[in-house]
Amino acid sequence: MKVVVDQDKCVSSGQCVLNASDVFDQRDDDGVVLLLNDSPNSEQAVNVRNAAAACPALAIDIEE
Amino acid sequence: MSETLTVNGSGVTADVPEYPMDRDARCPFAPPPQMLKMNETKPLSRVKIWDGSTPWLITGHAVARELFADPRVSVDDRLEGFPHWNEHMLSTVNKRPRSVFTSDAEEHTRFRRMLSKPFTFRRVEALRPVIQEVTDECIDAILQGPQPADLVAKLALPVPTRVISDMLGVPYSDHEFFQEHANAGLARYAAADAMQKGAFSLHKYLVNLVEEKQANPSEDAVSDLAERVTAGEISVKEAAQLGTGLLIAGHETTANMIGIGILALLENPEQAALLRDSDDPKFIANAVEELMRFLSIIQTGQRRIATEDIEIGGETIRAGEGIIIDLAPANWDGAAYSEPDKLDLGRDVGQQLGFGYGRHQCVGQQLARAEMQIVFPTLLKRIPTLKLAIPFGDVPFKHDRLAFGVYELPVTW
């Protein structure tokens, strides 16, 4: 799994960190998404898919 | 009530029901039955609003999610055809400064990012001990006080008000003034002029607070806004408007959700027992999402306007047509949730829409979640014999407010 985030689209909802805090974080200043790991392992994959589905700005893309 | 009229000049004649719609007083937790019925046939239909226009009402979960995320759907309330809440909102549209609620695209992103700092997941996580302490203090006072106790006045309102005051950086000495004015508009029989006066003094207070924080900044949300004013990014008035927005959205909504959430738990004692007996943070988190889905307290719809033609759900929404996305029927859509009329804290609640969706999804959602995840289980654990002190039918519901809830919740134990 390969993860790409779009910081321009991000609206700082925090849904990604809520769902997968070991893969995503937020910039302290404005809450914009930070990608901690662009190649999550199979155990993290379910949470990353939930994060992408929950992102209100559609700012997370997953390539399987 | 419905009447026959010609819609959108196309010569199509249809029965167009009026919006907003009423809940059934016998089932106050349920969305208005007429909307649920409409959603059985189509996920979107035309409704007639106060000015006689016929915007689209979105009732289906999938269509709601899609439109919330569609860049062709705008919140710009200055556009011709925007489905305003009422005449007052239309007549003042050019007097209100632009805000996070009424701007699109880059302008919206700019406002949104100014507000986001205190609400990141990790910042809110760090606030949990404070929220727990405030909650415990309120419950201590309830247990030491007389019975029956009104949980709205003694728990549902003070917890989010105190937390948001701290976040905004309202000095402790002003808490009383602040709470009084912030809650002035929430009273059951508040007259329109009292609400306007309350809003005005609050705005004036925020203007002063912004100026004070410009001179003496500290670690809080108003200081963040004041910094932007000093940097010339926004005006003092805009900063005060953003601060007022945070305040109102930050405590009124959560307060209503806590009040009516407790009532829903008291009416579903087997579900309340599951929450009381659980120490699993995942179950507690899911339970809060389910309460959000079940209750969808934001009434009167999220107002939008199409900026291009949009084909969706078998219909075409034309550019310039109004769109009203109502969260309650979408959260009770049988296509998204089985037995949606059941409060089931253990269900896979998936993408509930209680916080909205898309670019304008609630800025304070992580804070609201943390507050509810702490307040509901703490109350149930500390007062396990809690029960309603009046018949269910006598509970005063806020049928007439932007946020649904209860005016009072008298309980004994």
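This is a predicted model: local features need pLDDT of at least 70, side-chain atom pairs count only at pLDDT 80 or more; totals for chains, interfaces and linings use all residues.
**Entry 1: chain A**

I began with chain A and counted its elements, which come to 2 helices and 4 strands. I then read along the sequence and wrote down the order β-α-β-β-α-β. Next I looked up the radius of gyration of chain A, which is 10 Å. The globule rule gives 11 Å for 64 residues, so chain A is as compact as a globular protein of that length. I noted the span of its C-alpha trace along the principal axes as about 30 × 20 × 15 Å. Of the 64 residues in chain A, 42% are buried. I also looked at contacts in chain A with a separation of 6 or more, and 58% of them join residues 24 or more positions apart.

**Entry 2: chain B**

Among contacts in chain B with a separation of 6 or more, residues 24 or more positions apart account for 69%.

**Entry 3: where the chains touch**

How many residues of chain B are in contact with chain A? I found 16 residues of chain B in contact with 16 residues of chain A. On the chain B side, the elements that give two or more residues are α4 (105-116), α5 (121-144) and α15 (365-382). I marked α4(B) as the one that gives the most, with 3 residues. I sorted the residues on this side of chain B by class and got 4 nonpolar, 7 polar and 5 charged.

**Entry 4: α7 against α11 in chain B**

I turned to helix packing. Two packed helices are described by the angle between their axes and the distance between the axes. I took helix α7 (residues 158-168) and helix α11 (residues 236-267) of chain B, whose axes come within 8 Å and cross at roughly 155°. Angles over 145 degrees count as roughly antiparallel, and α7(B) and α11(B) are therefore roughly antiparallel to each other. I noted their crossing as right-handed. From α7(B), the contact is made by V159(B), P160(B), T161(B), I164(B) and L168(B). From α11(B), I listed some of the residues, including G243(B), L246(B), L247(B) and G250(B). The residues of this contact divide into 8 nonpolar, 5 polar and no charged.

**Entry 5: α10 against α11 in chain B**

I then checked helix α10 (residues 221-230) of chain B against α11(B). What is the angle at which α10 and α11(B) pack? I read about 160°, with the axes 9 Å apart. That makes α10(B) roughly antiparallel to α11(B). The crossing of α10(B) and α11(B) is right-handed. On the α10(B) side, I wrote down A221(B), V222(B), L225(B), A226(B), R228(B) and V229(B). On the α11(B) side, the contact is made by V236(B), A239(B), L242(B), G243(B) and L246(B). By class, I have 9 nonpolar, 1 polar and 1 charged residues for the contact of α10(B) with α11(B). Going back over my lists, I saw G243(B) and L246(B) in the contact of α11(B) with α7(B) and again in the contact of α11(B) with α10(B).

Conventions:
Residues are numbered from 1 along each chain as its sequence is written. Chains are lettered from A and ligands numbered from 1 in the order in which they are written. Two residues are in contact if their C-beta atoms, placed from the backbone, lie within 7 Å. Ala, Val, Leu, Ile, Met, Phe, Trp, Tyr, Cys and Pro count as nonpolar, Asp, Glu, Lys and Arg as charged, and the others, Gly among them, as polar. The radius of gyration is taken over C-alpha atoms; the globule rule is 2.2 Å times the number of residues to the power 0.38. A residue is buried if 20 or more other C-beta atoms lie within 10 Å of its own, exposed if 12 or fewer, and partly exposed in between; C-beta atoms are placed from the backbone. Axes are lines fitted to C-alpha atoms, for helices over the stretch in contact, and angles run from 0 to 180 degrees between N-to-C directions. Angles under 35 degrees count as roughly parallel, over 145 as roughly antiparallel, 65 to 115 as roughly perpendicular and the rest as oblique. A crossing is left-handed if the near helix is turned anticlockwise from the far one by less than a right angle, and right-handed if clockwise.
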